[in-house]
Amino acid sequence: TAYEISACLVGSEMCIRDSSIFKPNKLGDKIYYYSGFSKKWSPNNVKLINEIQKEINFEIITTNHFLKSDMYDIEYLKQSYYDKCFVNLNFTRGNGMTTVRELALMGRKTITSNNPYNYDCLIRCDDKESIIKAIIEESKKINTIQSPINVHNSGEEWTNLDYLIKV
């Protein structure tokens, strides 16, 4: 089984997840918005999401985590959110990178505005208009299966737990 040790920290915990469930499948017709935990929601991001929703014909779905204990089982999260989307919105500064990587393995890109990472799965947008343009472009892929996007600069070997034990 392939496990991913996330490069990001969630609070003080390192994310270790079985990444073998994140395989390319047919892109859904919804947009997943990575919102993080509600106590850290930025009013500006919520306003931006509401403005975008008014101008597009795709439903924006998100999880509602109030505490770390509210985190969903990863299979539930995949089936209820990831499988239903064709693109991810993430307007945090480097948070939610486990989600970005999981969706990339499924062939889904993430639209972001200020993410410090340099991954091929990130679409950088500076304003609402460019975000909407990117959504429309990505929506052309709905109901298709896209290749996985490798977000690791060192190659995929490090996602295998046996490889990490040798290092």
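Tutor: Two strands count as paired if DSSP finds at least two bridges between them, while helices (H or I, at least four residues) and strands (E, at least two) are DSSP runs numbered from the N terminus. This is a predicted model, in which local features need pLDDT of at least 70 and side-chain atom pairs count only at pLDDT 80 or more, whereas totals for chains, interfaces and linings use all residues. Residues are numbered from 1 along each chain as its sequence is written, and side-chain values use heavy atoms, with hydrogens and water left out.

S3 and S5 run parallel and are joined by 4 bridges, with Ile 31 standing opposite Val 87 in S5. S5 and strand S6 (residues 109-112) also run parallel, again with 4 bridges, and here Val 87 stands opposite Lys 109 in S6. From S5 the chain crosses through helix H3 (residues 97-105) to S6 in a right-handed β-α-β crossover, right-handed meaning that, with the strands pointing away from the viewer, the path from the first strand over the helix to the second runs clockwise.

S5 is mostly covered, since 6 of its 6 residues are buried, where buried means under 20% relative accessible area, exposed over 50%, and partly exposed in between (1.4 Å probe, protein chains only). A nonpolar core is a set of buried Ala, Val, Leu, Ile, Met, Phe, Trp, Tyr and Cys residues joined through side-chain atoms within 4.5 Å. In the largest such core, of 21 residues, Ile 31, Leu 89, Ile 111, Ile 131 and Ile 135 touch the most other members. S3, helix H1 (43-55), S5 and helix H4 (128-139) each supply at least two residues of this core, and H4 gives the most, with 4 residues. Leaving aside residues up to four places away in sequence, Ile 135 touches Ile 31, Ile 52, Ile 56, Phe 58, Phe 86, Leu 89 and Ile 111, contact meaning heavy atoms within 4.5 Å. Another core, of 10 residues, lies apart from it and includes Leu 77, Tyr 81, Cys 85 and Leu 103.
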